[in-house]
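Open the model in your viewer and keep the selection panel at hand. The stops below follow one another, each with something to select.

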Amino acid sequence: MADRVPLRPPGSRQLTARQRALLAELEALFLAEGFVHFTLDDLAAKMHCSKSTLYALAPSKEQLAVRVVAHFFRGAADVMEKRVAGLDDVREIIGSYLAGIAEYLNRASPAFMRDINDFAPARAAYELNSRAAAGRIRSFIARGVEDGVFRNVHATLIAEMAAVLIEGIQTGIVGARTGVSDAEAFTALSELLLGGLASRD
């Protein structure tokens with residue numbers, strides 16, 4: 001998952017403690033209820049703040065939505081990296097990384113995921129993080145081959161297939177065709193990768 005946020009506060013100022021708390025509250029609200037149907041007036045009322053306070057985070061409701069979505073995925077990136085930081089066995093790393101993504105996405109309601117899919121700028125934030133996640137999986141597979149844990153046969157191809165599957169999960173194709181959530185799809189991807197790459201020695 002990526003660790004960049006497309007939008008920053010005006011002038012790239014550091015967020016205040018209140019702004020960080022507000023961003024976390026907005027994230028919790030969006031995860032539970034989605035975001036497309038809210039107006040800025042709705043959000044100000046729910047957050048018990050003024051619209052000017054929200055404008056300090058982003059100049060429009062649409063950009064605020066992108067900021068909150070990016071904040072959610074940046075948090076995912078941080079969590080995943082901490083999760084695997086102390087692990088040495090690449091099989092455990094891949095399993096923990098993808099299981100962590102699945103757990104993290106389980107926090108998101110169907111409404112939130114649907115709104116991301118329907119709102120192109122928010123979808124772009126998800127795409128950015130999906131590409132970064134695919135890159136991490138590629139690096140884990142390469143390390144596994146170097147360590148002799150994974151078979152070298154078609155490892156590069158499998159890494160690219162994993163990237164295609166991650167893109168399919170992110171774009172909603174996998175979910176639409178199988179009826180599973182993104183979280184469930186990442187769990188299945190972990191099982192598929194670890195089974196397919198395992199050394200036969």
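**A tour around helix 7**

This is a predicted model.

Now select helix 7 itself, residues 120-146. Its 27 residues, at 1.5 Å a residue, should span 39 Å, and the C-alpha atoms at its ends are 39 Å apart, so the two values agree. Colour its buried residues next: Ala-122, Ala-125, Tyr-126, Leu-128, Asn-129, Ser-130, Ala-133, Ala-134, Ile-137, Phe-140, Ile-141 and Gly-144. Just after the helix, stop at Gly-148, where phi is positive, at about 80°.

Go back into helix 7 and pick Ser-130. Ser-130 has a relative accessibility of 6%, and because the cut-off for buried is under 20%, Ser-130 counts as buried. Show what touches it: apart from neighbours within four places in sequence, Ser-130 contacts Ile-166 and Gln-170.

Next, display helix 5 together with helix 7. Their axes come within 9 Å and cross at roughly 165°. Angles over 145 degrees count as roughly antiparallel, so helix 5 is roughly antiparallel to helix 7. The crossing of these two helices is left-handed. To see the contact, select Val-90, Ile-93, Ile-94, Tyr-97, Leu-98, Ile-101 and Leu-105 on helix 5, and Tyr-126, Ala-133, Arg-136, Ile-137, Phe-140, Ile-141, Arg-143 and Gly-144 on helix 7. By type, the residues of this contact are twelve nonpolar, one polar and two charged.

How do helix 7 and helix 10 pack? The angle between them is about 20°, and their axes are 13 Å apart. Angles under 35 degrees count as roughly parallel, and helix 7 and helix 10 are therefore roughly parallel to each other. Their crossing is right-handed. Select Tyr-126, Ile-137 and Ile-141 of helix 7 with Asp-182, Phe-186, Leu-193 and Leu-197 of helix 10, which make the contact. Six of these contact residues are nonpolar, none is polar and one is charged.

Stay on helix 10 for the last stop, Leu-192. Is Leu-192 buried or exposed? At 54% relative accessibility, Leu-192 counts as exposed. Finally, draw a distance from Leu-192 to Phe-119: the two are 73 residues apart in sequence, and their C-alpha atoms lie 31 Å apart in space.

Technical notes: Residues are numbered from 1 along each chain as its sequence is written. This is a predicted model: local features need pLDDT of at least 70, side-chain atom pairs count only at pLDDT 80 or more; totals for chains, interfaces and linings use all residues. Side-chain values use heavy atoms; hydrogens and water are left out. Helices (H or I, at least four residues) and strands (E, at least two) are DSSP runs, numbered from the N terminus. The expected span of a helix is 1.5 Å times one less than its number of residues. Buried means under 20% relative accessible area, exposed over 50%, partly exposed in between (1.4 Å probe, protein chains only). Contact means heavy atoms within 4.5 Å. Axes are lines fitted to C-alpha atoms, for helices over the stretch in contact, and angles run from 0 to 180 degrees between N-to-C directions. Angles under 35 degrees count as roughly parallel, over 145 as roughly antiparallel, 65 to 115 as roughly perpendicular and the rest as oblique. A crossing is left-handed if the near helix is turned anticlockwise from the far one by less than a right angle, and right-handed if clockwise. Ala, Val, Leu, Ile, Met, Phe, Trp, Tyr, Cys and Pro count as nonpolar, Asp, Glu, Lys and Arg as charged, and the others, Gly among them, as polar.
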